[in-house]
Amino acid sequence: MKRRTFLDVFLAASGAALAAFVAYPIARYLVPPKAPEAATRRVVAAKQDELAPGGFKIFPFGGEPGILIRGRNGEYRALSAVCTHLGCTVQLRPDGQSIWCACHNGLYDLEGRNVSGPPPRPLESYVVHVIGGDVVVEKAKGA
Amino acid sequence: MNLADWLRERLGLEALDHVIEKKRVPVHRHTFWYYWGGMTLFLFGVQVATGILLVLYYRPSADEAYESVRFLMTQVSFGWLIRSIHSWSANLLVGAAMIHMFSAFMLKSYRRPREVTWLTGMGLFVLCLAFGFSGYLLPWNQLAFFATKVGTDIMGSVPLVGPFLARLLRGGDQITGGTLTRFFGFHVAILPLCMTALLGIHLFLVQWHGMSVPPGAEQPVAAPKQEMKFVPDFLLRDLVGWLAALGALALLAALFPWELGLKADPYAFAPAGIKPEWYFGYMFQTLRMIPSRVLGIEGELLGIVGFGLGALVWALVPFLDAPDGRGPRARFWRVVGVLAMLYVVVFTLLVYRGGPS
């Protein structure tokens, strides 16, 4: 190898190494740190008399919104409020018969099954207990 | 020696004089479309000026962003005007850029040797959309929150790199104050840097190659050239357009000040009637209309991959079209251009008619 070639290769390699040393920390810096997985499995979603029959509320559940619905007969059901299409927060339709996402017009029934519009999957449903005066929502076993 | 001469000698302005003196704009029946690049540039200038003013009051954190914009709108003298002009100008800017892009496409200005000019233009357009998307979140209101949720979710469904990309954009798994700070960084530092560099190349190439004359308007070499001087003839006409744009901005800002809406709440449901800025409207409408599954493929994925491929073909058209802009291949791409325009216009209008619900 000629001395000239050697120097060229050496210089290029050094330059590349230097660039990598600068770029690597920057690239790593831009990637946000992993937040610890929210371990929440149960949460108090509402007080027992907070919702009138036919009403609903959005409650925080492990960093994500959940929807608590009180049926006409006073029974509770709880589902994830994150639309399975593009992640908007769903709401109960005024008629109380379906769950609706305003972003792209996705429709679910009260069991959370995707009925029409773009949502590809049903909403995750949760287990509801009424304990003391609290409505407690819990992730289903195995979920 | 007076000051002007003293400066000329030291700054080498003779070279610039030469460029100004030499620059010509072809005159033919499509000359009108040449004004739209300058219009886009002018509106970008308005964005830089008003953006710098907004930064003086804006606070990029989830606890303060909404309040700082409200303070700006209600307490700061002319704060409402500066913010409204910034928002309106952003919309007109994307509109002007679209007109500039579609006219360059239809007039086949991307033909040799201007392929790189077209590619940098594509890059600038994507940057404009990124500016729009990142700036939309900054007031931290309800609409912005869900627009960002949907937008980053769309990025998240890009095959392979999606989840990583969504986390990178959000600065985590959810839209939080961290996302806001990050978007502020994109909007006022990273994107302007990219824009300056790419815009510099784009403008240099436009000077270097001169204006493209569309295939139908070329004249025989022997004929006297139909053209006008850039300074002052074309520039003065440009100025008329810019003045009109400034007037339109003032009018829009005064009659329709930009709303602030409700503060973002991660635990509120998406409000009815929610829709993105109009320039994302055709994509929004498409995503709304694709069923959840098409031939076993998730509809959302299909839409996103479709948009990606469409944008790629659009960017590569200088290499796909006939080099001389004539013949059946050139006609084919002209039809593609018309169809693309029809698609964008019709689907954008559908958003405002409510579309199928």
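1. Asn105(A) counts as buried, at 17% relative accessibility. Buried means under 20% relative accessible area, exposed over 50%, and partly exposed in between, with a 1.4 Å probe and protein chains only. The residue Asn105(A) sits in the loop between β6 (98-101) and β7 (106-109) of chain A. Its phi is near 65°, a positive value in a residue other than glycine. Helices (H or I, at least four residues) and strands (E, at least two) are DSSP runs, numbered from the N terminus.

2. A word on the basis of this note: the model is predicted, local features need pLDDT of at least 70, side-chain atom pairs count only at pLDDT 80 or more, and totals for chains, interfaces and linings use all residues. Residues are numbered from 1 along each chain as its sequence is written, chains are lettered from A and ligands numbered from 1 in the order in which they are written, and side-chain values use heavy atoms, with hydrogens and water left out.

3. Leu160(B) also has a positive phi in a residue other than glycine, near 70°. Leu160(B) is found in the loop between α7 (142-156) and α8 (162-170) of chain B. With a relative accessible area of 86%, Leu160(B) is exposed.

4. Chain B holds 14 helices and four strands. Its radius of gyration is 23 Å, close to the 21 Å that the globule rule gives for 357 residues, so chain B is as compact as a globular protein of that length. The radius is taken over C-alpha atoms, and the rule is 2.2 Å times the number of residues to the power 0.38. The C-alpha trace of chain B spans about 70 × 60 × 35 Å along its principal axes.

5. How much of chain B is buried? Of its 357 residues, 43% count as buried. The accessible surface of the chain comes to about 18,900 Å², and 72% of that belongs to carbon and sulfur atoms. These areas come from the Shrake-Rupley method with a 1.4 Å probe; for residues, only the protein chains shown count as cover.

6. Contact means heavy atoms within 4.5 Å. Among contacts in chain B between residues at least 6 apart in sequence, 77% join residues at least 24 apart. Asp238(B) is buried, with a relative accessible area of 6%. Leaving aside neighbours within four places in sequence, Asp238(B) is in contact with Tyr35(B) and Phe230(B). The C-alpha atoms of Asp238(B) and Val305(B) are separated by 39 Å, the two residues being 67 apart along the chain.

7. Chain B has 29 positive and 22 negative side chains, and the centres of the two sets lie 6 Å apart. Lys and Arg count as positive and Asp and Glu as negative, while His and the chain ends are not counted. The place of a charge is taken as NZ of Lys, CZ of Arg, CG of Asp or CD of Glu.

8. A salt bridge is a side-chain nitrogen of Lys or Arg within 4 Å of a carboxyl oxygen of Asp or Glu. A search of the whole structure finds 19 salt bridges over all chains. In chain A, Glu75(A), Arg77(A) and Glu111(A) are linked in a network of them. In chain B, Asp17(B) bridges to Arg8(B), the closest N and O atoms being 2.1 Å apart. Asp17(B) is partly exposed at 34% relative accessible area, and Arg8(B) is partly exposed at 24%.

9. Which residues form salt bridges with Glu218(B)? One of them is Arg111(B), with the closest N and O atoms 3.8 Å apart. This pair links distant parts of the chain, 107 residues apart: Glu218(B) is in the loop between α9 (177-209) and β2 (227-229), and Arg111(B) is in the loop between α5 (79-106) and α6 (115-137). Glu218(B) counts as partly exposed at 42% relative accessibility, whereas Arg111(B) counts as buried at 10%. Glu218(B) also meets Arg326(B) in a salt bridge (2.8 Å, N to O). Here the partners are 108 residues apart, with Arg326(B) in the loop between α13 (317-320) and α14 (327-352). Arg326(B) counts as partly exposed, at 44% relative accessibility.

10. Two cis peptide bonds deserve a look. The bond from Arg112(B) to Pro113(B) is cis, with omega near 5°, and Pro113(B) lies in the loop between α5 and α6 of chain B. The bond from Val231(B) to Pro232(B) is cis, with omega near 0°. Pro232(B) has its place in helix α10 (residues 230-255).
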